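Hi there,

Here is the structure I promised to hand over.

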Amino acid sequence: MGGGGGVSNEGLENFISQNTPRDSISQSAPRVPRGQGLRFPERPAPPGAYRTRTLWPVRYAGWRASPGRFPGGDGGAMDSPEVTFTLAYLVFAVCFVFTPTEFHSAGLTVQNLLSGWLGSEDAAFVPYHLRRTAATLLCHSLLPLGYYVGMCFAASEKQLYYPSQTPETWRAFLLLALMLPTITCTLIYYWSRDRWARHPLARTLALYALPRSGWRAVASSVNTEFRRIDKFATGVPGARVIVTDTWVMKVTTYRVHVAQQQDVHLTLMESQQHDLSPDSHLPVQLLTIRVASANPAVQAFDIRLNSTEYGELCEKLRAPIRSVANVVIHQSLGDLFLETFASLVEVNPAYSVPSSQDLEACIGCMQTRASVKLVKHCQAAAAGECQQCRCRPMWCLACMGKWFASRQDPQRPDTWLASRVPCPTCRARFCILDVCAVR
Ligand SMILES: [Zn+2]
Ligand SMILES: [Zn+2]
Ligand SMILES: [Zn+2]
């Protein structure tokens with residue numbers, strides 16, 4: 001292992017050397033003299049523990065290469081169940097909080113584990129999210145305590161179950177692990193008083209309540225609209241965007257942002273172009289839209305969506321979306337290409353039809369008249385390159401652009417403009433320079 005991994009290794013070594021009572025190990029394992037910790041002392045694994053030797057070959061290779069950088073003496077520290085447990089618990093905790101797709105499909109989410117108590121989101125959107133945000137907060141705050149309890153078993157020689165006898169760092173950790181859920185419980189108790197009226201979501205809804213009606217009237221309007229199938233919904237589970245006839249909402253892990261459509265200002269803040277999306281292998285454009293309410297008490301929030309969903313979002317919104325940074329929205333790769341294709345054809349020399357010739361309808365769409373003719377203008381002369389097409393104008397510009405795009409590799413949009421495709425009628429190859437508008 002090179003110098004790049006040094007920081008984390010040292011951190012881990014310090015952690016191990018501080019937290020491993022060496023004497024307790026040396027009673028059961030033969031001590032290896034300092035600097036000779038090249039091989040693992042053959043210490044029998046405790047029952048139920050699995051060894052990490054095969055999991056971390058790089059680490060062990062590094063150990064052999066430069067033993068001085070690793071803790072000497074009882075070299076079995078890396079092999080111990082507590083390190084294995086720590087790593088496994090860390091991975092579990094991160095996945096439990098950020099819930100990658102695998103955890104969702106395995107049902108390891110707070111929503112799924114507590115679905116009986118949470119009820120159905122479709123049946124009652126607001127009550128469901130009041131409970132879900134509280135339950136999520138509580139479950140996540142219990143994670144450090146879960147680690148401590150797990151360590152009681154994984155490192156039984158530390159005697160963590162007698163807090164009075166454990167090292168100070170562990171006692172501090174236990175105190176923190178107990179304080180987190182205590183604070184969370186207090187907060188949730190406060191929220192749930194007066195039938196959840198103090199929950200942040202209920203308070204936001206109360207801002208939209210009419211005089212002499214409470215937040216529950218607003219909540220039932222939200223519930224009703226959420227049940228409709230014509231709502232716009234998109235986004236990953238940790239940042240869902242829902243737009244109904246009256247409301248713009250964003251559902252995150254711990255919060256639900258709500259704003260009423262009639263008093264929001266929508267601003268397209270930025271667009272990020274990602275070359276490839278993992279799902280489709282196509283470039284994607286992600287748009288960030290700021291939703292700010294005219295009511296200063298309603299907190300502004302950002303929603304993010306794919307540019308291909310932008311049209312659908314606009315249909316659902318009543319207010320226009322303003323753009324701050326001249327962001328060009330590409331609703332699909334095809335749209336983007338047709339625009340570019342048309343602008344390139346415009347600068348090519350025009351083709352004048354002989355007066356005796358009538359322009360027929362485009363044979364691709366039958367909607368408009370043919371408007372382009374292929375005339376070889378480029379300098380390519382080699383075999384396999386452009387040839388002269390002798391067809392009369394038969395296609396409109398849009399259909400020719402679509403034909404050109406359809407012959408391209410969707411995985412490599414960067415090659416599109418420079419490629420050659422056969423004429424749809426006579427198969428003579430042409431490039432974009434050879435497409436001429438008909439005058
Ligand atoms: Zn056409
Ligand atoms: Zn042709
Ligand atoms: Zn050409």
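Below is what I found in it, going through one region after another. Please keep in mind that this is a predicted model.

**The two annotated spans**

UniProt, in an unreviewed entry, gives the feature "transmembrane region" at residues 137–156 and 172–191. How do those spans look in the model? Residues 137–156 are 85% helix and 0% strand, and 30 Å lies between the C-alpha atoms at their ends. For residues 172–191 the figures are 100% helix and 0% strand, with the end C-alpha atoms 29 Å apart.

Within the pairing, T234 has V241 in β2 as its bridge partner.

Strand β2 also runs antiparallel to strand β3 (residues 247–252), and five bridges join them.

**The four-stranded sheet**

Next comes an open sheet of four strands with mixed pairing, in the order β7-β6-β5-β8. Its edge strands, each pairing on one side only, are β7 (301–306) and β8 (321–323). On average, neighbouring strands in this sheet are turned by 35° against each other, direction ignored.

For the pairing of β7 with strand β6 (residues 284–293), the sense is antiparallel and there are six bridges. One position to look at is V291, which stands opposite F301 in β7.

Finally, a closer look at one residue. C431 sits in the loop between β11 (429–430) and β12 (435–437). Is C431 buried, exposed or partly exposed? There are 19 other C-beta atoms within 10 Å of C431, so it counts as partly exposed; a buried residue would need 20 or more.

Which residues does C431 touch, leaving aside its neighbours within four places in sequence? Its contacts are C378, C386 and R420. As for A418, which is 13 residues away along the chain, its C-alpha atom is 7.3 Å from that of C431.

Happy to talk any of this through once you have had the model open.

Best wishes

Notes:
Residues are numbered from 1 along each chain as its sequence is written. Chains are lettered from A and ligands numbered from 1 in the order in which they are written. This is a predicted model: local features need pLDDT of at least 70, side-chain atom pairs count only at pLDDT 80 or more; totals for chains, interfaces and linings use all residues. Two strands pair if DSSP finds at least two bridges between them. Helices (H or I, at least four residues) and strands (E, at least two) are DSSP runs, numbered from the N terminus. A residue is buried if 20 or more other C-beta atoms lie within 10 Å of its own, exposed if 12 or fewer, and partly exposed in between; C-beta atoms are placed from the backbone. Two residues are in contact if their C-beta atoms, placed from the backbone, lie within 7 Å. Axes are lines fitted to C-alpha atoms, for helices over the stretch in contact, and angles run from 0 to 180 degrees between N-to-C directions. UniProt positions are given in the numbering used here, feature names are shortened, and annotations may be inferred rather than shown by experiment.
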